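Please read these notes with the model open beside you.

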Amino acid sequence: MYNKIFGGVTALSTQNYQLVNGFGNRFVGWGNEDDDMSARTIGAGLLRTRPPYHVGRYKMVRHIKSGRSEHGYTYFLQWRHWWKIDGLNNMSITKAKVLSVTKHKLYTNITIEAGDLPDPPSLDIPTEGWLWFFWFYLF
């Protein structure tokens with residue numbers, strides 16, 4: 001049912017993470033950042049795979065979700081406009097401050113202070129239509 005969902009536990013090589021320009025910097029709080037990353041992988045032509053259920057699965061740890069991103073849904077529907085210009089290649093304008101870097105065997109945890117909130121999305125930027133939206137989530 002959720003073939004294009006790209007949340008929870010994911011892995012990308014450094015090369016592919018750079019290819020999709022990382023995560024968008026316009027998402028603040030919870031909501032649609034994983035959908036945007038999924039759309040970026042589609043846009044970059046990457047193949048997403050999942051191990052069989054008996055090999056790879058996880059259960060989410062119960063947690064309180066932070067506030068939903070105010071404009072996340074709009075940014076997600078504008079992903080074709082943003083994915084090549086908002087991400088790794090514009091980190092210098094986000095005013096993010098690195099608080100800590102902790103290297104582990106399988107990953108590196110980088111904790112940042114995000115800085116100022118991004119400007120609200122422009123309504124002049126084209127968005128995906130309803131047919132694309134249903135294709136994205138249902139097929």
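1. Strand E1 (residues 97–103) and strand E2 pair in the antiparallel sense over six bridges; two strands pair if DSSP finds at least two bridges between them. Strands (E, at least two residues) and helices (H or I, at least four) are DSSP runs, numbered from the N terminus. With four residues between them, E1 and E2 form a hairpin. Lys97 stands opposite Glu113 in E2, and the bridge partner of Thr102 in E2 is Asn109.

2. This is a predicted model, where local features need pLDDT of at least 70 and side-chain atom pairs count only at pLDDT 80 or more, while totals for chains, interfaces and linings use all residues. Residues are numbered from 1 along each chain as its sequence is written, and side-chain values use heavy atoms, with hydrogens and water left out.

3. Val98, Val101, Ile110 and Ile112 make a nonpolar surface patch of about 360 Å². Patch residues have over 30% relative accessible area and no salt bridge, and nonpolar side chains (Val, Leu, Ile, Met, Phe, Trp, Tyr) are joined within 5 Å; the areas come from the Shrake-Rupley method with a 1.4 Å probe. E1 and E2 each supply at least two residues of this patch.

4. How many salt bridges are there? The count is three, taking a side-chain nitrogen of Lys or Arg within 4 Å of a carboxyl oxygen of Asp or Glu. One of them joins Asp86 and Arg26, with the closest N and O atoms 4.0 Å apart. The pair links distant parts of the chain, 60 residues apart: Asp86 is in the loop between helix H4 (79–82) and E1, and Arg26 in the loop between helix H1 (14–19) and H2.

Methods
Patches are made of residues with over 30% relative accessible area and no salt bridge: like charges are joined within 9 Å, nonpolar side chains (Val, Leu, Ile, Met, Phe, Trp, Tyr) within 5 Å.
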